[in-house]
Amino acid sequence: YRRLTSLGLLAALSSRVPLESIGYLKPVGQQHVEVQAAAEGAPPLRVDKDCRLAKEYFGLRCEYKHMSPVLMPRGFTKSYVDGEIDMERQKQALLHAWEALRAAHPNVVVEGTGHMGVGSIVGLDNAAVAKLLGLEVVLVCEGGLGSAFDELSLNLAVCAAQGVKVRCVVLNRVQPAKVEMMRDYLGRALGRIGVPLAGLVPTEPFLAAPSMGDFAKLLGQRLISGEEHVLRHCGGVQFVTCSVRRFEERLAEGEYSDRLLVVHGSRLGILEACLRHHAQTGEIRGGVIFTGTRHSWAPDEPILARLRESRIPTMHAPLETTEVAERIQKFTAKLNATDRQRTEAAIRHVQAHVDMDVLLGGTAAGG
């Protein structure tokens, strides 16, 4: 949800100033992807994944080589403690990227990583980065009234220690029924310390809903039918353990029409029922994952052919159902440039609930 605020800010800027004047910087990244370098024939670059989303979705003109100057992949902190990494060089790389972006783009959105203390072990936590670059901070927090203010207090203390000014606060993942109460009480609490509340973003289930492509990546598989629906979002996950008869009743009632159905590969009766119902009504608007590690449990070729004909997005995960369930339960789908439907919905959602003028400090210039 922190990323929503950055996307909303980029969208607000793009509606006010020329696109070529906008830059994006992720000073310290953790999860990286490979992208093509601007220079022809140059090897691919590794950048934080949020950089690709910002650049590809908005069509930003800034160069990847300046957008993600410091990466801290797994094992980075151990290498630092062992004396294998020169953080002064990392800081100089960050300053060089910042200066290059500012020279080419008067308006730069800088997105931090996690809470204010992330990266403190190497001296590049968010507050230290803000101080290094001479920036004010927008704090994005979540939780209820007390827990949100507790989290804010810790982040404010880190900022104060670095002498960094907090421009405003955005509260994320607020229960819709509590938005007005939180706006009143948290707004008054923040008013006592002179920090504006720029907005409260209610929870929106669709924004966290994985696509079939997300599930395929999570399970390390590909769709074996319905490939054209790789970006389809399902209305929840249903592990099918009931009898075929009860399953057919629930299909008829419309209960499973938009669900991701997870079925053990040995339960071909469930797959048959699913195919029959779809052939008769066309109402299967979700997808199917069938599980099982034994090859003999996978559907045979005639059923696979019918699945392909139905165009129901389907994949086979050669794992036990319990492992699939555990992976799905722990999974949080991230916004990405490919899934434009969800990204566009996220931007509309955050812009409807956050005062972008407060985030921008009353001006579209100055980063």
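Predicted model: local features only at pLDDT ≥ 70, side-chain atom pairs only at ≥ 80, totals over all residues.

**Stop 1**

Now show residues 212–219 for α9 and residues 321–330 for α13. Two packed helices are described by the angle between their axes and the distance between those axes. Here the axes come within 11 Å and cross at roughly 120 degrees. Angles of 65 to 115 degrees would count as roughly perpendicular and those over 145 as roughly antiparallel, so α9 and α13 are oblique to each other. Turn the view and you can check the hand as well: α9 passes α13 in a right-handed crossing.

**Stop 1: helix α11**

Next, select residues 268–281, which make up helix α11. Its 14 residues reach 20 Å from the first C-alpha to the last, close to the 20 Å expected at 1.5 Å a residue.

Which α11 residues are buried? Colour Ile270, Leu271, Ala273, Cys274, Leu275, His277 and His278 to pick them out. To see what covers them, bring in α10 (244–252), β11 (260–264), β12 (287–291) and α12 (301–310), which are among the covering elements. Then step just past the end of α11 to glycine 282, where phi is positive at about 65 degrees.

**Stop 3**

Most residues other than glycine have a negative phi. Keep that in mind for the next two selections.

Start with arginine 173 in strand β8 (residues 166–174). Its phi is positive, about 55 degrees, although it is not a glycine. Its relative accessibility is 36%, so arginine 173 counts as partly exposed.

Then jump to arginine 311, in the loop between α12 and β13 (314–317). Phi of arginine 311 is also a positive value, near 65 degrees. With 53% relative accessibility, arginine 311 counts as exposed.

**Last stop: zoom out**

The C-alpha atoms fill a box of roughly 65 × 55 × 45 Å along the principal axes. Of the 367 residues, 46% count as buried. Finally, take the contacts between residues at least 6 apart in sequence: 75% of them join residues at least 24 apart.

Key:
Residues numbered from 1 in each chain as written. Heavy atoms only, no water. Axes fitted to C-alpha atoms, helices over the stretch in contact; angles between N-to-C directions. Helix = DSSP H or I, 4+ residues; strand = E, 2+ residues; numbered from the N terminus. Parallel < 35°, antiparallel > 145°, perpendicular 65-115°, else oblique. Left-handed = near helix turned anticlockwise from the far one by under 90°. Expected span 1.5 Å × (residues − 1). Buried < 20%, exposed > 50% of the residue type's maximum accessible area, 1.4 Å probe, protein only. Contact = heavy atoms within 4.5 Å.
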